[in-house]
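Hi,

Here is the structure I promised to send over.

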Amino acid sequence: MGTLLIRGGRVVDPSQDIDRVDDLLVRDGQVVAVGHAGTQPLGKADETIDASGLVVAPGLVDMHVHLREPGREEDETIETGTRAALAGGFTSVACIPNTEPPIDTQAAVEFIHQKAARADTCNVFVVACVSRAREGKELAEIGRLVEAGAVAFSDDGAPVYDAELMRRAFEYCRMFDKPILAHEEVLELSRGGVMHEGLVSLVLGLGGMPAAAEEVLIGRDIALAEVTGGRLHAMHVSTGGGVALIREAKRRGIRVTAEACPHHFTLTDESLRGFDSNFKMSPPLRTAADVEAIIEGLVDGTIDCIATDHAPHAREKKMLELDRAPFGILGLETAVGLSVTRLVRSGRLGWPRLIEAMSTLPARILGINRGTLRPGAVADITLIDPELSWTVDVGSFQSKSVNSPFHGWTLQGKAVATIVGGRVKHRLV
Ligand SMILES: [Zn+2]
């Protein structure tokens, strides 16, 4: 495979506390070293990329992606979804098992691995179901799924409703040191809702999904993680109350981690005034105060990471009126731009913390050997141009779907090269 020299970029690797302008040498798919900027080149390379002015980061990891295959290939496939990931700067994604059929057997995990290998794009790590068929009645065969390579467990799309089942799931997953990625929603409270319950839903006459629907279940699962010693990862945290619960749980030493999605730190429920279904997602867009709480959570580390909840839906499905359209939006190709624009350029987050939230910590939570540029590590690398101003155009997306509320937005910051195992898979520079 030869050598690849990435010269003169700002290398940001929180796993080694590195943030300096330097060179990075890759040989045969592995990181050799960071070092020797300028006068002492690391040696003659087969290929050189001039990274001056760019951020050189360990490959980004999105731990919450719906690839839709098998079963909903009209929305996305493993191939198109992972191409979208590469275009967005992600070298690894964790795919969520709410497919048709759901990923709840060794054969199903193997199917994803094979499809991903054939696509030969980014790494795909498989999240398997907590319950058999995602029905919330019996536990899936956690041990056998771990054996097949599942890195985490989730019934996302829906909560694990039975508290006793969730307790046992925590106990089983604990034996394998795997986290449960939890969609936190009390369905009786949010049923019939299309947006956040508040002043705007009242004015618009639309059914509301109260913040309490999310917070009640976060509270329950913190209690279950505490009693079992299991690992809770709260997905797509969207409310200030949720952030406060997680902050307190962490303070008490409970094993809880959390993620936030770019749309939840960018948009509010005011966006629904246009009745556009591209602003409909679950959990819904909340208030400005919630947005601020999410950002504070990211700043102080209560929210460990940024994940996209990439949720493609074919155009005709999202074209329906608000109460019939499905929940969810695309995320992979706008995550870097939104994060840099909203968090870094605003001065709220430094680059090391952003890279930690988009690479180091999701890799650590999933227990995968990624998210680092240590010597010997797999050479998954993302180059980001922090200054590049670009306009979101869903027509140019790699994803099979176009359901993004950010079409036409001008963002700053974009992944300009995505390198997987030492091979350049996406490149704009
Ligand atoms: Zn969810």
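The protein chain splits into domain 1 (3-56 + 378-427) and domain 2 (59-366), with bounds that come from an automatic or database domain assignment. Keep in mind that this is a predicted model: local features need pLDDT of at least 70 and side-chain atom pairs count only at pLDDT 80 or more, while totals for chains, interfaces and linings use all residues. Residues are numbered from 1 along each chain as its sequence is written.

Taken over C-alpha atoms, the centres of domain 1 and domain 2 are 25 Å apart. Where they meet, 31 residues of domain 1 are in contact with 45 residues of domain 2 (contact: C-beta atoms, placed from the backbone, within 7 Å). On the domain 1 side, β16 (381-391), β17 (410-420) and β18 (423-427) each give two or more residues, and β17 gives the largest share, seven residues. Helices (H or I, at least four residues) and strands (E, at least two) are DSSP runs, numbered from the N terminus.

Then there's helix α9 (residues 288-300): 13 residues, reaching 18 Å from first C-alpha to last, close to the 18 Å expected at 1.5 Å a residue (that is, 1.5 Å times one less than its number of residues). Its buried residues are Asp-290, Val-291, Ala-293, Ile-294, Ile-295, Gly-297 and Leu-298 (buried: 20 or more other C-beta atoms within 10 Å of a residue's own, all placed from the backbone). These pack against α8 (240-251), β14 (256-260), α11 (335-344) and α12 (351-366).

Cheers

Definitions and conventions
Contact = placed C-beta atoms within 7 Å. Buried ≥ 20, exposed ≤ 12 C-beta atoms within 10 Å, placed from the backbone.
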